[in-house]
Amino acid sequence: MSLRKYLTSRVFLVQVFLAVLIIAVLGYLFMHWLTFTTDHGNEITVPNLSRLTEEQVEEKLDALDLQYILLDSVNYRSDYPKFSVVQQDPLPGEKVKVGRKVYIKINSSGFSSVKVPDLVNRTYREAVPTLRALGLEEGTITYIPNLGKDMVLEMRFKGRNIQAGDKVLKSSKIDLVLGDGKASYEEDIVTDSIASPIEEMPNEQ
């Protein structure tokens, strides 16, 4: 049988049809297997875990066939309850597969303490960044007569004087007493006394 006749024969056409059918069936089975293994079309919306305790997180994610991993605690934030979720990854609203792990960070139990830096005799411009770098805040600013304008003369916390090295909680407000750039009344008296000494009156005999 010639090649031309074979290509147009019924036997050849049946074989071609069967080959196409087998390829189609295998392709369907492969796509079905791929869909099953990747859970295609079965995505879950990540819930908002903010402000939940670890126990509440576990209960909520278990109901959605999700898992969680506690990464660490973050520095205490007063706007969140203690031991509640502050950060999560993936973010709320994202679509994930069943069994996906959600990574969380929780709020610590309270502010940690830090040592007060030595700000005395430093300028106001130097003092404020130093406080903020340590997690402290600038409190009330008070000026008193002193030639050192905007020079830190005293540090106070809740109305009492504090020294460098004293410990306070993070986010505490440190009040600063600054010089106003003017000589004090006492200095004026001392200066006047030195410039014009008082003459002693002779004793009368």
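Reader: Two strands count as paired if DSSP finds at least two bridges between them, so with that settled, which residue in E9 is the bridge partner of arginine 156?

Author: In this predicted model, the bridge partner of arginine 156 in E9 is asparagine 161. The strands E8 and E9 pair in the antiparallel sense, over three bridges.

Reader: In what order do the strands of that sheet come?

Author: The sheet is open, its four strands follow the order E7-E11-E8-E9, and the pairing is mixed. Neighbouring strands in this sheet are turned against each other by 35 degrees on average, with direction ignored.

Reader: And which strands stand at its edges?

Author: Those are strand E7 (137-149) and strand E9 (160-162); each has a single partner strand, so one side of each is left without a neighbour in the sheet.

Reader: Which helix lies across E7, E8 and E11?

Author: That is H4, which runs at about 155 degrees to E7.

Reader: What does isoleucine 174 touch, leaving aside residues up to four places away in sequence?

Author: With those left aside, isoleucine 174 touches Leu131, Leu136, Glu137, Glu138, Gly139, Met155, Arg156, Phe157, Ile162 and Val168. Arg156 in that list is the residue whose bridge partner in E9 is asparagine 161.

Reader: Is valine 85 buried or exposed?

Author: Valine 85 has a relative accessible area of 1%, and because the cut-off for buried is under 20%, it counts as buried. Valine 85 is found in strand E3 (residues 85-89), and beyond residues up to four places away in sequence it touches Leu49, Ser50, Arg51, Leu52, Val57, Tyr80, Ile104, Lys105 and Ile106. The C-alpha atoms of valine 85 and isoleucine 104 are separated by 6.5 Å, although the two residues are 19 residues apart along the chain.

Reader: What sheet does E3 belong to, and in what order do its strands come?

Author: E3 belongs to an open sheet of three strands in the order E2-E5-E3, with mixed pairing. Its edge strands are strand E2 (67-74) and E3, each of which pairs on one side only, and the twist averages 25 degrees from one strand to the next.

Reader: How many bridges join E2 to E5?

Author: Seven bridges join E2 to strand E5 (residues 101-107), and these two strands run parallel. Glutamine 67 stands opposite lysine 101 in E5, while leucine 70 stands opposite isoleucine 104 in E5. E3 and E5, by contrast, pair in the antiparallel sense over four bridges, and aspartate 89 stands opposite tyrosine 103 in E5.

Reader: Which helix lies across E2, E3 and E5?

Author: Helix H3 (residues 54-62) lies across them, running at about 160 degrees to E2.

Reader: I'd also like to check the backbone; which residues does a cis peptide bond join?

Author: A cis peptide bond joins aspartate 89 and proline 90, with omega at about 5 degrees. Proline 90 has its place in the loop between E3 and strand E4 (95-96). As a rule, most peptide bonds are trans, and most residues other than glycine have a negative phi.

Reader: What is phi of phenylalanine 83?

Author: Phi of phenylalanine 83 is near 60 degrees, a positive value in a residue other than glycine. Phenylalanine 83 sits in the loop between E2 and E3, and at 47% relative accessibility it counts as partly exposed. Phi of serine 171 is also positive, near 75 degrees, and that residue is found in the loop between strand E10 (167-169) and E11.

Reader: Last one, on the rings: how many aromatic pairs does a search of the whole structure find?

Author: The search finds zero aromatic pairs. Arginine 51, however, lies over the face of tyrosine 80, at 4.4 Å from the ring centre, and both Arg51 and Tyr80 are among the residues that valine 85 touches.

Key. Residues numbered from 1 in each chain as written. Predicted model: local features only at pLDDT ≥ 70, side-chain atom pairs only at ≥ 80, totals over all residues. Heavy atoms only, no water. Contact = heavy atoms within 4.5 Å. Phe/Tyr/Trp six-rings, centres within 6.5 Å; stacked < 30°, edge-to-face > 60°. Lys NZ or Arg CZ within 6 Å of the ring centre and 35° of its normal. Buried < 20%, exposed > 50% of the residue type's maximum accessible area, 1.4 Å probe, protein only. Pairing = 2+ DSSP bridges. Axes fitted to C-alpha atoms, helices over the stretch in contact; angles between N-to-C directions.
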